[in-house]
Amino acid sequence: MQLTSNAAKLFRPNISANTLSQATLAILRVTLGVMMVHNGFDKLADIESFARAYVEYLGLPFPIFLSYVAAYTEVIAAPLVAMGLFTRFASLGLFGTMCVAMYHHISVAGLSLPYLELSAIYAASFFYFLVNGAGLYSFDALIANALDSASLTLKEKRIMRLENSFEASEAVKDENAVV
């Protein structure tokens with residue numbers, strides 16, 4: 001019981017519960033995930049060129065390997081963020097790749113905003129989801145509720161429209177306990 005309660009805390013969103021804010025977070029999460037995926041596919045299309053231009057330039061070891069790590073992080077983690085599944089873990093990987101991208105841009109062009117703009121926006125957005133989770137309209141919230149039905153408040157369940165299923169499952173449990 002304690003293990004599932006602790007696991008549920010990992011998936012539980014850490015944000016206020018109202019329908020409009022949750023809907024906009026879901027839209028932001030899906031947009032970020034969908035837009036980020038192409039970066040990984042672009043890297044995979046010519047991994048050697050990416051490794052030379054970005055990873056070797058920074059003096060990092062194993063440029064081909066690290067290029068594959070970055071590409072597959074973006075290809076796998078971005079759809080997870082879009083779906084709201086394992087969002088904190090996926091956001092951590094994407095935040096890391098965007099920090100490396102910002103470091104590269106700074107080393108090439110200094111603190112030039114046009115070069116930093118996109119990677120900084122991505123990094124800040126993924127950092128937000130790393131800290132706060134995916135929101136109530138996500139698979140993470142459903143997992144948290146499944147692991148521990150007390151992990152979400154009744155208000156959060158109403159926003160997710162889970163209160164009927166929660167009440168029905170409680171009624172079945174009570175009915176089975178009586179029999």
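The model is predicted, so local features need pLDDT of at least 70 and side-chain atom pairs count only at pLDDT 80 or more, while totals for chains, interfaces and linings use all residues. Residues are numbered from 1 along each chain as its sequence is written, and side-chain values use heavy atoms, leaving out hydrogens and water.

You'll find 9 helices and 0 strands here (DSSP runs, numbered from the N terminus: H or I of at least four residues for helices, E of at least two for strands). Of the 179 residues, 39% are buried (under 20% relative accessible area; exposed is over 50% and partly exposed is in between, with a 1.4 Å probe and protein chains only).

Now for the rings. Phe, Tyr and Trp rings (six-membered ring for Trp) pair if their centres lie within 6.5 Å; planes under 30 degrees apart are stacked, over 60 edge-to-face, and the rest tilted.

| Pair | Centres apart | Plane angle | Type |
|---|---|---|---|
| Phe 95 and Phe 127 | 5.2 Å | 40° | tilted |
| Tyr 122 and Phe 126 | 5.9 Å | 5° | stacked |

Phe 95 sits in helix α5 (residues 87-109) and Phe 127 in helix α6 (residues 113-132), so their pair ties together parts 32 residues apart in sequence. Phe 95 is partly exposed at 23% relative accessible area, and Phe 127 is partly exposed at 43%.

What about the stacked pair? Tyr 122 and Phe 126 both belong to helix α6, 4 residues apart, or about one turn of the helix. Both Tyr 122 and Phe 126 are buried.
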